[in-house]
Every structure is written in C-alpha cells, then in structure tokens.
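This report concerns one protein model and the ligand placed in it. The sequence and structure are shown first, and a description follows.

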Amino acid sequence: MSKISAVISGVGGYVPDYVLTNRELETMVETNDEWIVSRTGIRERRILKDPTLGSSFMAEKAARMVLEKTNTNPESIDLILCSTITPDYLCPVTSNILCEKLGAKNAFSYDLMAACSGFLYNLSTGTSFIESGRYKKALLVGVDKMSVIVNYKDRNTCIIFGDGAGAVLLEASENSEYGIKDMIMRTDGSGELLLNIKAGGSKYPSSKHTVENNEHYIYQEGATVFKIAVTKMAEVSTEIMNRNHLTKESVQWLVPHQANKRIIDATADRMGLPLDKVTINIDKFGNTTNGTIPLCLWDFEKKFKKGDNLILAAFGGGFTWGGMYLKWAYNS
Ligand code: UT7
C-alpha cells in the first residue's frame, strides 16, 4: 500500500482593520519608533478593537477564506484543530465554536496550546492524523487576540504583539511527491518563569489580587528569551535541512515565526539563505503568536511555486520549538 501524504491544499488569513502604529505606542509608553524598528523590525500591528469579539471571530474569517478558495464543503471536514493561547473560553474550546460557526457537522475538534510554536505543533498533529489514513481533510487554525493579554503600560511587551489568524486545509494525497516531509519538535520546560502568564490557571487562579497586580498579562524576560530563541531556531532549521540533504540552493523559502526580525535574520544567516528567500511580515503584523506562520503562508502564497521546498521554524514559551520541511503542492 502506498504511503499517504499530508498536503497543504489552501491557506487563508485574517487581520483586523485597526492599525496600531509605533507612533501611537509612543503616546502610551516611553518608547520611540526608531528603537522599536531597530530592535524588533516592527512598524505596526493589527488590533481587534471590538471587546465583544474573541479569537473565534478571527479564526472563522481565516477558515472561511480557505474553504472558499479550495471550494470545500464544511461537512466534508473530518477534523478541526485550533492552536491559541487566547481562546474565547477555556471551555468550550475555540475549535468547538468554530465547528458550529462553519457548519462542520462531521468534524471532531479540539485546541492545542504550545505558545508561539503552537501552529507548528498543530501542523505536526494534523499531519499524523492524515498520514494514519483514518482522516482525509483537516482544517488547522492558528489564532491569537494578543491585545487582551498585553499590558499597554509595559513597554517590554506592548510593542511586540498583534492580533490575527491563519488557516490551512491539510488533505490526504496518494502522491508522495508533495506535502509534509519531515519535522523536529522540541520542548524544554525550564522556561516556565522566563515567559509566562502568571495568573488565571489552576495553580494561581484569578482573584481581585491577581487583577490588581496585572498578573493576567504576558510577561517575558526578553533578552534571555531572545538568546535562547536565536540558538534554538537556527539549530533546528539547519538540522532539518541537513537531515533532508537540503542546501541553501535547494531551499526556496524559510517561513519563520515572527517574534523579532533579528531572530529571523540570524536563523536565515545560519542556513545560508538570503532574505529574499524568507517570508517576513513582522513589520506590518508584529508577533501574533499562533497566527504568525499561517499568516506568512497566506501572505506569501502567490510567490510559492509547486515543488518549492519550504522550511517552517518556530520558537516560543515553554520553551517550545521546532522545524518542519514540506514540499509546496500548488501554484496559485
Ligand atoms: O515569541 C516567542 C518568544 N519571544 C521572543 O522570541 C522574544 C525575544 N526577545 C526580544 O525580541 C527582545 O528581547 C525584546 C524586543 C523583547 C527586547 O529587545 P532587547 O534588545 O533584548 O532589549 P532589552 O530588553 O535588553 O533592553 C535594552 C534597553 C533597556 O534599557 P537599559 O537598561 O539598557 O537602559 C530597556 O529598558 O532598552 C530598553 N527598552 C526600551 N526602550 C525603548 C526596553 N523596551 C523598550 C522600548 N522602547 N519599548
């Protein structure tokens, strides 16, 4: 029996209309456009202003786009996986809500959480389901409304994050030429206190005290996390290249998590890739956590050619990180 491959057959994306510029941030915290651009590469980010809308709103927009583009009936979807650290609720999970919104009546669904590596872990989980032969179509969404967990009085974090969602349709194929080829996923839980949201979980539940002390906002020791991120993203990206006998010539695209332009540059440099082979949109969207990689796939879709070799790479809280090699399956 021939091996079943998991192939990305379409991508969708959504970012809210409101543009939060560096100039506007200058009026909120002690910072300046020059510092933000030179230290992070970010010029602006999108914010979902409406307080009544959660991550499922953006997830639905991205998901509908991919279903329309691929002419897919929602009832034909077997599985919906949503990676997010800002779900609408803890229960029910956002992918359950998405199933209902889309009319995906035959799908089962659940959420995954792995901070900024969430979408890569999501894609690796979806790939295993498809390759098992039991499921034919999986809708995988990465979404975050980071603006609800960002403290706009903290200049260490508020300049970085934005809101957005991306989605891919992953399908079974008997043509083994294209699709997800290889992946390396890693975790090191010693990062617990270096990048976290302290309160609101079972260890330290929400209370008047946690709210008053701003403990529901994202916290990171930026410089320490930066050093580890650079090392791990570069390490995993070169490892996946080498073990698949890929060279800087045979890799067409690096699709990195968008945490900091300097981390992206260092990773591309270690791989020997020029920046015109790297998907970069951190300048306009900032770090959308689970949204970054699928938003890059959506943003650069028209540039990808059938047969292109793509390396996806991410690093995030946990710590979590990983790399993936895939062969792009279509021209758009
Ligand atoms: O997404 C998943 C994982 N996360 C990451 O990968 C993020 C990794 N970290 C980073 O991207 C960077 O560390 C940051 C962008 C968060 C910070 O950049 P940095 O170059 O590491 O700055 P720093 O924290 O070492 O601070 C350098 C200086 C400090 O001033 P002093 O102590 O040298 O006087 C900060 O107080 O810059 C100051 N600073 C700022 N100045 C203007 C920190 N934030 C700002 C700001 N505007 N927004």
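Helix H7 gives the most to the shell around the ligand, with 5 residues. The model is predicted: local features need pLDDT of at least 70, side-chain atom pairs count only at pLDDT 80 or more, and totals for chains, interfaces and linings use all residues. Residues are numbered from 1 along each chain as its sequence is written, and side-chain values use heavy atoms, with hydrogens and water left out.

**The ligand and its shell**

The ligand is surrounded by 25 residues, a residue being near if one of its heavy atoms lies within 4 Å of the molecule. The closest are Thr31, Arg39, Arg155, Asn260 and Asn287. Sorted by class, the shell holds 12 nonpolar, 9 polar and 4 charged residues. Here Ala, Val, Leu, Ile, Met, Phe, Trp, Tyr, Cys and Pro count as nonpolar, Asp, Glu, Lys and Arg as charged, and the others, Gly among them, as polar.

| Residue | Protein atom | Distance to a ligand oxygen |
|---|---|---|
| Glycine 222 | polar backbone atom | 3.0 Å |
| Histidine 257 | side-chain N or O atom | 3.1 Å |
| Arginine 262 | polar side-chain atom | 3.0 Å |

On its own the ligand has 950 Å² of accessible area, of which the protein covers 73%; such areas come from the Shrake-Rupley method with a 1.4 Å probe. Two or more residues of the shell come from each of helix H2 (33-40), helix H7 (222-243), helix H8 (261-271) and strand E12 (309-316). Helices (H or I, at least four residues) and strands (E, at least two) are DSSP runs, numbered from the N terminus.

**Threonine 292**

Histidine 257 also has a polar contact of 2.7 Å with threonine 292, side chain to side chain; within protein, one atom must be able to donate a hydrogen and the other to accept it, and residues adjacent in sequence count only if both atoms are side-chain atoms. Threonine 292 belongs to helix H10 (residues 292-300). With a relative accessible area of 3%, threonine 292 is buried, that is, under 20% (1.4 Å probe, protein chains only). Leaving aside residues up to four places away in sequence, threonine 292 touches His257, Gln258, Gly286 and Asn287, where contact means heavy atoms within 4.5 Å.

**Cysteines**

The structure holds 0 disulfides, a disulfide being a pair of cysteine sulfur atoms within 2.5 Å. For cysteine 99, the nearest cysteine sulfur, that of cysteine 82, is 10 Å away. Cysteine 99 counts as buried at 10% relative accessibility.

How values were computed. A polar contact is a pair of N or O atoms within 3.5 Å; within protein, one must be able to donate a hydrogen and the other to accept it, and residues adjacent in sequence count only if both atoms are side-chain atoms. Buried means under 20% relative accessible area, exposed over 50%, partly exposed in between (1.4 Å probe, protein chains only).
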